[in-house]
Amino acid sequence: DIASICKDMPAESLRPKYELDYSKNPTASLQARLITYGSEVAICDYVNKVKKEHRINEEDAYPSTPTHAVKAIREMKFLPLLGELIPVVCDSEFKDAEFSGLYNSLSDALIGFGERDMGATISMVETYRASLGGQDRSERFCNYVVEEIKRNDRRHSDQPLTLLQVIALIR
């Protein structure tokens, strides 16, 4: 395995080689690695496969699977693509893993996007919530994601005031 031999090489330099291998022989473990490296090829392939099959491909979302790797996606350019999975995971017919499946990985990824661009992420999630027509599962998912983004924002923005700020406030 290239990554174990070349531990000091950055993901950007390994990604093209992995993408070439993936195009020849697409395996779940290679797809998972490419997703963590931010490969558009692997992420698009995963999203399209899940949308088409309406289920995840793994029995369980173990750490080396593509479903588990989704939570590591952090590049904002993938926000609309992952947004396409919201109606899928909110559909009652969707087959997910019993523990730590796409429902969890997608919510973690969206919350991570919210740390980078809170407004865009919340706007997208609320748009999907409105378009899904108030289904109970979609309401829960979207509300959870929005509330976690807001909670993280409050937690990170809640900084103690300096002494000068306190004095100015008292006056």
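This is a predicted model: local features need pLDDT of at least 70, side-chain atom pairs count only at pLDDT 80 or more; totals for chains, interfaces and linings use all residues.

**Helices H9 and H10**

- Helix H9 spans residues 118–131 and helix H10 spans residues 136–157; the two pack at an angle of about 165°, with their axes 9 Å apart.
- H9 is therefore roughly antiparallel to H10, since angles over 145 degrees count that way.
- The crossing of H9 and H10 is left-handed.
- On the H9 side, the contact is made by Met 118, Thr 121, Ile 122, Val 125, Glu 126 and Arg 129.
- H10 contributes Glu 139, Cys 142, Asn 143, Val 145, Val 146, Ile 149, Lys 150 and Asp 153.
- Sorted by class, this contact of H9 with H10 has seven nonpolar, two polar and five charged residues.

**Aromatic pairs**

- The count comes to two aromatic pairs.
- Tyr 18 and Tyr 37 form a tilted pair, 5.8 Å centre to centre with 45° between the planes.
- This pair links distant parts of the chain, 19 residues apart: Tyr 18 sits in helix H2 (residues 11–24), and Tyr 37 in the loop between helix H3 (28–36) and helix H4 (40–53).
- Tyr 18 counts as buried at 3% relative accessibility, and Tyr 37 is buried with a relative accessible area of 18%.
- Tyr 103 and Phe 141 form an edge-to-face pair, 5.0 Å centre to centre with 65° between the planes.
- Here too the pair links distant parts of the chain, 38 residues apart, with Tyr 103 in helix H8 (residues 102–116) and Phe 141 in helix H10.
- Tyr 103 counts as partly exposed at 22% relative accessibility, whereas Phe 141 counts as buried at 1%.

How values were computed. Residues are numbered from 1 along each chain as its sequence is written. Side-chain values use heavy atoms; hydrogens and water are left out. Axes are lines fitted to C-alpha atoms, for helices over the stretch in contact, and angles run from 0 to 180 degrees between N-to-C directions. Helices (H or I, at least four residues) and strands (E, at least two) are DSSP runs, numbered from the N terminus. Angles under 35 degrees count as roughly parallel, over 145 as roughly antiparallel, 65 to 115 as roughly perpendicular and the rest as oblique. A crossing is left-handed if the near helix is turned anticlockwise from the far one by less than a right angle, and right-handed if clockwise. Contact means heavy atoms within 4.5 Å. Ala, Val, Leu, Ile, Met, Phe, Trp, Tyr, Cys and Pro count as nonpolar, Asp, Glu, Lys and Arg as charged, and the others, Gly among them, as polar. Rings of Phe, Tyr and Trp (its six-membered ring) pair if their centres lie within 6.5 Å; planes under 30 degrees apart count as stacked, over 60 as edge-to-face and the rest as tilted. Buried means under 20% relative accessible area, exposed over 50%, partly exposed in between (1.4 Å probe, protein chains only).
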